[in-house]
Amino acid sequence: MIKITNPADCCGCTACADICAHEAITMEPDALGFLYPRVDETKCVDCGLCEKVCAFNDQYDKSLALPIPDAYAARHRDVNEIMKSRSGAVFVAISDYVLENGGVVYGAGYKDHFRVVHKRAATKEERDEFRGSKYVQSDLTGVFSRVRQDLKNGLTVLFSGTPCQTAALNSYVGKKLRENLLLIDIVCHGVPGPFVWRDYIEYIEKKQGARVSVVNFRDKKYGWRTHYETFEF
């Protein structure tokens, strides 16, 4: 049975909840909106799967890790694609290839009023929602099990997320299904709480007297080196 005594030992990836066949684990937010697992002990059978799949355990499978990472620098050939993305649009180039060859893409989008969640895309139009940085922890509820089902169905899957999210998915799907799974993570230094983001949206809407319609966490209008967020109302 998974028990989180130190919040630093959990990234809210939802792998433990998705792996539980008895639905004994639910993800519940703390005061800042960060998700942590809660176990219903009346449903738990102590199978240990939740602990085994956790990327924070000492037995996490690192067999695919390179002794020394290979490093490359790249950017998209189309400057228009670059301007619509937050960095060099490499994610767009790779996801275009996956989609054009019948695969699917998972990335961070929005639900409700700019609540950051992971979504599935089977077309470039659906994928375009994943463009651009979203500096908030995304909700992955139910996503890992859907990725695994896509892999079982023989689809190539591209998943983009934070390093802890990709590590968790890598552990969740297991060695047999990894062959058709492509993982893209980002250089991450942590994320603010989802409730902080929710309250900030509410604050600026009250300040402007209008409802936010477009969010840009890092607008290239002010150059590549700046980190200005912009909003449309």
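This is a predicted model: local features need pLDDT of at least 70, side-chain atom pairs count only at pLDDT 80 or more; totals for chains, interfaces and linings use all residues.
The model holds 10 aromatic pairs. One of them joins phenylalanine 144 and tyrosine 172. Their ring centres lie 5.6 Å apart. The planes meet at 50 degrees, so the pair is tilted, since tilted pairs fall between the stacked limit of 30 degrees and the edge-to-face limit of 60. Phenylalanine 144 belongs to helix H6 (residues 143–152). Tyrosine 172 belongs to helix H7 (residues 163–173). The pair therefore ties together parts that are 28 residues apart in sequence. Both phenylalanine 144 and tyrosine 172 are buried.

A further pair is formed by tryptophan 197 and tyrosine 200. Here the ring centres are 6.3 Å apart and the planes stand at 40 degrees, so this pair is tilted. Both residues lie in helix H8 (residues 194–208). They are three residues apart, about one turn of the helix. Tryptophan 197 has a relative accessible area of 8% and is therefore buried, because the cut-off for buried is under 20%. Tyrosine 200, at 31%, is partly exposed. Tryptophan 197 and tyrosine 200 also belong to one aromatic cluster, together with Tyr135, Tyr203, Phe217 and Phe231.

Charged side chains also sit over aromatic rings. The charged end of lysine 134 is placed over the ring of tyrosine 110, 5.6 Å from the ring centre. Arginine 198 lies over the face of phenylalanine 195. In that case the distance to the ring centre is 4.2 Å.

Conventions:
Residues are numbered from 1 along each chain as its sequence is written. Side-chain values use heavy atoms; hydrogens and water are left out. Rings of Phe, Tyr and Trp (its six-membered ring) pair if their centres lie within 6.5 Å; planes under 30 degrees apart count as stacked, over 60 as edge-to-face and the rest as tilted. Helices (H or I, at least four residues) and strands (E, at least two) are DSSP runs, numbered from the N terminus. Buried means under 20% relative accessible area, exposed over 50%, partly exposed in between (1.4 Å probe, protein chains only). A charge sits over a ring if NZ of Lys or CZ of Arg is within 6 Å of the ring centre and within 35 degrees of the ring normal.
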